[in-house]
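This briefing goes through the structure shown below by topic. Please look at it before reading on.

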Amino acid sequence: MIPEFPVRVSQALGNERVRRNIRRTMDGLVLKRHKAFPDEHELAVLRRRGKLIRGHALAHLPDLLEELERNCQRNGIQVHWAETAAEGNALVRDILRRHGADLVIKGKSMVSEEMGLNHYLEAQGIRAVETDLGEFILQLGDERPSHIIAPAIHKDRVEIAQRFAAHFPEYPYTEDIEGLTAIARRIMREHFGRAIAGLSGVNFAVAETGTLCLVENEGNGRLCTTAPQVHIAVCGIEKVIARLDQLPPLLTLLTRSATGQPITTYVNMISGPRREGELDGPREVHLVLLDNGRSRIHGDPQLSSTLRCIRCGACMNHCPVYSRLGGHAYGTVYPGPIGGVLEPQLQGLDRLGELADASSLCGACGEVCPVRIPLPALLRRLRAEGVRGRQGSRVVGQGSRRKPLHRLIWTLWRWVNAYPSLYRGLTGLGTRLRWLMPKHLGPWTRTRSAPALAPRSLHELARSEGFRGE
Amino acid sequence: MSDPRAAILSRLRARHPAARPLPENPVRRFDWSPQERLSRFREALAAVRGEVVLVDEDWPLRLFAWLRARGANNLRYAPATELGQELEQAWPDGEAIRLMPHREPVETCRQELFANTDAGLTGCLGAIAETGSLVLWPSVQEPRLLSLVPPLHAVVLDARNIRSTFHEFLVAEDWVGQGLPTNALLITGPSKSADIEQTLAYGVHGPKELLVLVRQDLGLAGGA
């Protein structure tokens with residue numbers, strides 16, 4: 001059982017080592033992004049273009065999905081649709097079973113995390129092996145990613161060295177990063193040379209050409225999609241874009257926002273399985289299009305901007321809350337500001353509405369978002385809907401966060417402010433009895449002194465100065 | 001049984017956002033001279049530890065020297081390509097680095113490819129000056145794994161085929177009109193990871209080193 005959010009927050013804040021590791025990475029990534037966009041005007045133009053391209057895709061989403069399906073099928077890619085994570089998992093399992101695969105090698109995919117695919121497959125007797133270095137490190141300890149693009153940033157080299165030593169005693173102990181990487185390479189090579197099936201996510205799916213575009217630095221994504229006999233790509237339905245020539249601006253926004261790189265080592269554009277005469281490539285390519293709540297988000301004119309997200313992670317890198325807590329405190333697949341907006345919509349305000357509170361509303365996330373998602377405005381909207389429903393909104397769990405005590409307080413507040421005599425009487429009483437006010441007011445006074453009431457209220461002072469009902 | 005496809009599409013169609021025109025997306029390109037394109041390509045690739053050497057007809061010998069300095073014992077290449085022919089003709093006879101023509105499907109040479117191949121040679125469609133990227137279109141003759149599995153990857157690039165940006169490249173070559181290959185690739189440097197403490201380590205799963213042999217038959221000599 002995962003502890004409550006406030007408990008997880010204090011645990012995270014109490015872990016100095018994790019805080020240090022996260023902070024170091026966040027500061028580094030913020031700096032790298034800053035250097036990658038030296039020209040503010042160019043950045044503004046690019047962000048606007050990114051927003052419009054993604055907005056256009058969402059405005060035409062059903063048509064583009066059908067076009068994508070048509071062109072993928074023409075290219076020989078088999079397309080499947082899943083309404084829920086459970087349906088998606090079952091589709092993947094069936095494909096693997098048909099090929100007799102008891103092992104699948106995986107490139108990094110947040111959608112597969114969202115589906116809980118690894119654990120599901122494990123229960124079905126199929127082993128899923130993460131091949132991205134960060135994900136590989138985490139899988140050894142059955143941990144979840146703490147960041148969407150740098151999953152193992154909460155760990156330092158010493159922890160990783162110890163973990164490798166415990167799992168692979170046949171290799172000499174090393175804390176050297178090149179050395180650790182070399183160990184992972186050798187272990188993974190065995191799998192790459194043998195696995196029947198590979199699985200990946202998708203960064204952009206191009207409707208016009210039926211192309212799946214994946215970006216990565218390590219080469220494991222290419223191996224997972226090229227070396228096995230069957231490649232399964234899992235993809236949220238929002239990842240589609242209309243045209244191939246929209247890739248360049250989105251790619252540069254993605255890689256520069258994420259890690260400050262002008263481009264990743266590999267940009268992998270897959271447009272079909274092995275063709276007649278080709279010597280390698282998978283015999284089958286499957287695309288699993290996952291909804292899992294996205295079509296409901298799509299139905300809301302304001303909240304649908306959430307789906308513009310290209311998963312660069314810049315919002316969390318720049319978030320003062322995330323950079324102190326790290327991703328695990330959120331307890332969800334997507335942490336940080338985008339997590340605070342997306343997860344309550346996917347899973348309901350009743351379950352995860354409090355994530356929208358994990359923000360100081362400083363606005364940094366909205367300022368760096370490469371597709372200009374108005375994250376602070378969406379956080380405020382979800383906070384409000386958590387306590388009070390909204391006409392026409394289809395967010396699950398609206399009003400569920402309203403507590404009886406809050407209701408009582410706001411009812412009293414309304415009365416008091418509706419009757420001047422009651423207001424005068426109560427404020428008068430409050431100032432006279434101010435010595436009764438407690439010194440400790442919950443968490444607020446843990447690091448602050450309690451506010452003191454003045455001997456006379458503003459209204460009293462005004463009246464004594466001669467103001468009357470003005 | 002419910003049809004997830006129909007259900008998803010009908011939910012998406014329940015909202016009727018106003019149709020939007022395709023956003024303007026002018027081709028991003030720069031009017032760089034051939035020399036400047038080459039020097040920018042070189043600089044950008046060097047920044048991610050890709051090596052670039054300028055060569056002429058003797059390129060197989062340059063490649064040989066590079067491989068020998070790295071202790072490679074063999075080189076896998078695509079025999080049916082023009083490059084493959086040139087390589088065979090100019091390769092130093094009886095020397096320590098064995099040429100391995102890559103002819104078989106991966107199913108029958110998997111072990112050889114993964115365990116016993118030191119280097120791979122491919123050509124490329126061209127390159128991108130802005131980011132230092134190589135554009136590869138693997139083909140029947142030149143399969144995808146040749147640029148991925150061997151620890152050393154060498155690429156022969158014709159300087160005439162360097163364009164300023166990716167955007168310019170795919171529009172100028174009309175990728176949409178001519179249709180994409182099963183696996184188009186941009187490769188920018190050797191494989192790397194920063195997953196441990198955000199510190200770069202090279203050669204994670206793909207090649208550890210990348211060499212680009214640039215042929216500049218087009219009066220570029222002396223430049224760059």
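How many residues of chain B are in contact with chain A? In this predicted model, 61 residues of chain B are in contact with 72 residues of chain A, where contact means that C-beta atoms, placed from the backbone, lie within 7 Å. Because the model is predicted, local features need pLDDT of at least 70 and side-chain atom pairs count only at pLDDT 80 or more, while totals for chains, interfaces and linings use all residues. Residues are numbered from 1 along each chain as its sequence is written, and chains are lettered from A and ligands numbered from 1 in the order in which they are written.

**Where the chains meet**

- H1(B) gives the most to the side of chain B that touches chain A, with 9 residues; helices (H or I, at least four residues) and strands (E, at least two) are DSSP runs, numbered from the N terminus.
- That side of chain B divides into 32 nonpolar, 17 polar and 12 charged residues. Ala, Val, Leu, Ile, Met, Phe, Trp, Tyr, Cys and Pro count as nonpolar, Asp, Glu, Lys and Arg as charged, and the others, Gly among them, as polar.
- Helix H4 (residues 61-75) of chain A packs against helix H1 (residues 4-14) of chain B at an angle of about 150°, with axes 8 Å apart. Axes are lines fitted to C-alpha atoms, for helices over the stretch in contact, and angles run from 0 to 180 degrees between N-to-C directions.
- A:Leu61, A:Pro62 and A:Leu65 make this contact with B:Leu9, B:Leu12 and B:Arg13.
- Strand E9 (residues 266-270) of chain A runs antiparallel to E9(B), joined by 5 bridges; strands pair if DSSP finds at least two bridges between them.
- Opposite A:Asn268 stands B:Leu185 in E9(B).

**The sheet of chain A**

- An open sheet of 6 strands has the order E1-E10-E7-E4-E2-E3, with parallel pairing.
- Strand E1 (77-82) and strand E3 (127-130) are the edge strands, each pairing on one side only.
- From one strand to the next, the twist averages 25°.
- E1(A) is joined to strand E10 (residues 284-290) by 6 bridges, and A:Ala82 has A:Leu290 as its bridge partner in E10(A).

**The nonpolar core**

- The largest nonpolar core has 186 residues. Such a core is a set of buried Ala, Val, Leu, Ile, Met, Phe, Trp, Tyr and Cys residues joined through C-beta atoms within 7 Å, and buried means that 20 or more other C-beta atoms lie within 10 Å of a residue's own.
- Those with the most contacts inside this core include A:Cys235 and B:Val212.
- B:Val212 touches, among them, B:Leu45, B:Leu134 and B:Leu157, not counting residues up to four places away in sequence.

Conventions: Contact = placed C-beta atoms within 7 Å. Buried ≥ 20, exposed ≤ 12 C-beta atoms within 10 Å, placed from the backbone.
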